[in-house]
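Dear colleague,

I am passing on the structure below, and the notes that follow it set out what was found.

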Amino acid sequence: MKIGAGVGSGLGRRAVLAGAGGLAAAAAVGFPSIVRAQSKSLKVGVYGGYFKDSFDKHIFPEFTKATGIAVEAVAEPTGEAWLIQLEQAARAKQAPADVSMMSQVAMLKGMAAELWAPLDPARLPNATKVKPALINKYPDGRLSGVGAVSWYITLVTNTKSYPQAPESWATLWDPANKDKLGLLALVSNSFLLDVTAATFFGGSKHLDSEQGQLDCFKKLAELKKNVKLWYRDEAQFEAALKSGEIPMGQYYHDVTGLAAADGHPVRSTFPKEGGILDSGSWAVSKASKAGDLAHVFIDYMCQPQIQALLSRKVGTSPTIDRSATDLTDKEFAAVSSDLTPIVPRYDLYVSKADWLNQKWTEMIVG
Amino acid sequence: MIRRAPRSLGEHAPILFPALMLVVFFVIPFGLMIAVSVARRIPGGFYEPDLVLANYERFLSAFFGGVLSFSLELAALVAVVAVGIGFPFTYRLARLPRAAQVRWLVFLLSILSLSEVIIGFAWSTLLSRTAGITNLLVAVGLMAEPQSLSPSFGALLAGMVYQAFPYTVLVLYPALARLDPALVEASRTLGASPVKAFFTVVVPSQRNTIVATLIMAFVFALGCYLLPQLLGRPQHWTLSVLITDQAIYQSNMPFAAAMAVFLVLVSLALVGLSLLFGRKEEA
């Protein structure tokens, strides 16, 4: 068992006491009948497929061993379908999952509808270590979500077609790369507006104004000739990247690393402007009656050794500062980078969703 | 057989079941879709029941007009090519010995078990630079170096025709199997070549079947939304692709429903027109 190993000073007396307090509170939920530890259970929603399989195998059993709380994993559909299900269930005072892993856009939409139960920071001592960019708050300052996992989308290349690793996102615009790129097909999952702003307009501040957004669209239209495939389906691009059919594009850093480790001629590069840092947050439905257990769970997941375990077994980037974990340089490089990341402007993808989508579709289809 | 119009409930009974199925599986869902299409979209949220036409307004633009007309033209082209290949094929098939016919039909039916995803991936591999058919052409010396043929309009057309082909054969087969061979024999006796007999006797005698098959292949191709993403470039994305984007990725159900209603109405109108046209010619 890895839990507790390599903690050193990371897990202090206070955290242990607070954790015990959380457990005591959790036990009280079962009142009046005195429940055995095993009968405490929490429904946790994670993205179906790879994430759920990895969590079921590596993370949830450890959590149950450490806390006595059984986890019932619920496979969430990606996209916003899960948000809609949670919202409709909450109207009927039901919670299909107590805690869910939510994308940032879904987090913001759920906050607009007051779907998330406010979390109590006092009961989440480990959450103080989570990077501020990965903490979600209501406008009035109440805590609505805590970073669960984060991952990078980077510049990937086929090593046979490109013996030299590219250095900048600007290479996507290079006329020499005509008909060579595979890029994500949607404005809200490719984050190419953010990349354009960071590469050519000095950062995401440029996206504040509509004129700035139009500048980025105009610049993006210039790389259309280079794009062979706008993909919605990851498998399609991954296969083409490995074979060299489409030798360059944007893709997930961890998955590309795994493919390279399997001997495929691919590499993932963090461009000098930074990789795209996308993330999911833990949020608790307001209809959940297991709020106390949910706090225990979220706090557990924020611990340095669990974040390290996630990096090793699931391939996600730690949500806490690297120095708090015991990850080696190699392990860290496999999932993350010390370069300042490009953090997408999720607020825009919520407030101007339809407009951006329309402009984007016209840009790539037209 | 009852030749007069059915009067009692009992005589109507055989039609009740299909009518009920039509109501349950078409009329009600379509009604729901119309209801959603006039709902009010809440930006950053879902939608609320209402009676607004904003979703239709957004659709009435040059951009969506272009996508709609491309989708209709593509579907029509797929139908024409599929029937153009399928008709002579089925005509020959219906004249083969029984055992050979069964083998062909089983083979064609087995194609139907392939999903759109598999068909799309198979064609994109077949037309790729790294593993595709151009490598064969290079090997036999017909080409200098392998080329990538996908994504392109040709790749998309090939994939969609491949998918529609078994359906057209299965719809054409019963009519062509029942075709009286005496018709062709008579025209041959009167001096027509086999090709002339085919075009002046077989094709005209099967006109209604051909029109029905064209319509079926057209409607079938219109709903295709995966192949354009896998085998086409963005300018080849059909309206069905954009509907999927709105419904699944943008959670904009009202707009997706409005586009879908529009697509259904336009295709119903086209089918109606072609039937009307056919009937007039017959009269």
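**A strand and its two partners**

In chain A, strand E5 (residues 143-158) is joined to strand E8 by five bridges, and the two run antiparallel; strands pair if DSSP finds at least two bridges between them, and strands (E, at least two residues) and helices (H or I, at least four) are DSSP runs numbered from the N terminus. Within this pairing, Leu155(A) has Gln250(A) of E8(A) as its bridge partner. Strand E6 (residues 181-184) of chain A also pairs with E8(A), in the parallel sense and over two bridges, with Gly182(A) partnered by Gly249(A). Because five of the five residues of E8(A) (residues 248-252) are buried, the strand is largely enclosed by the rest of the structure; buried here means that 20 or more other C-beta atoms, placed from the backbone, lie within 10 Å of a residue's own.

This is a predicted model, in which local features need pLDDT of at least 70 and side-chain atom pairs count only at pLDDT 80 or more, while totals for chains, interfaces and linings use all residues. Residues are numbered from 1 along each chain as its sequence is written, and chains are lettered from A and ligands numbered from 1 in the order in which they are written.

**Where the chains meet**

Between the chains, 25 residues of chain A are in contact with 22 residues of chain B, contact meaning that C-beta atoms, placed from the backbone, lie within 7 Å. On the side of chain A that touches chain B, helix H14 (353-365) is among the contributing elements, and H14(A) gives the most, with seven residues.

Best wishes

Notes
Two residues are in contact if their C-beta atoms, placed from the backbone, lie within 7 Å. A residue is buried if 20 or more other C-beta atoms lie within 10 Å of its own, exposed if 12 or fewer, and partly exposed in between; C-beta atoms are placed from the backbone.
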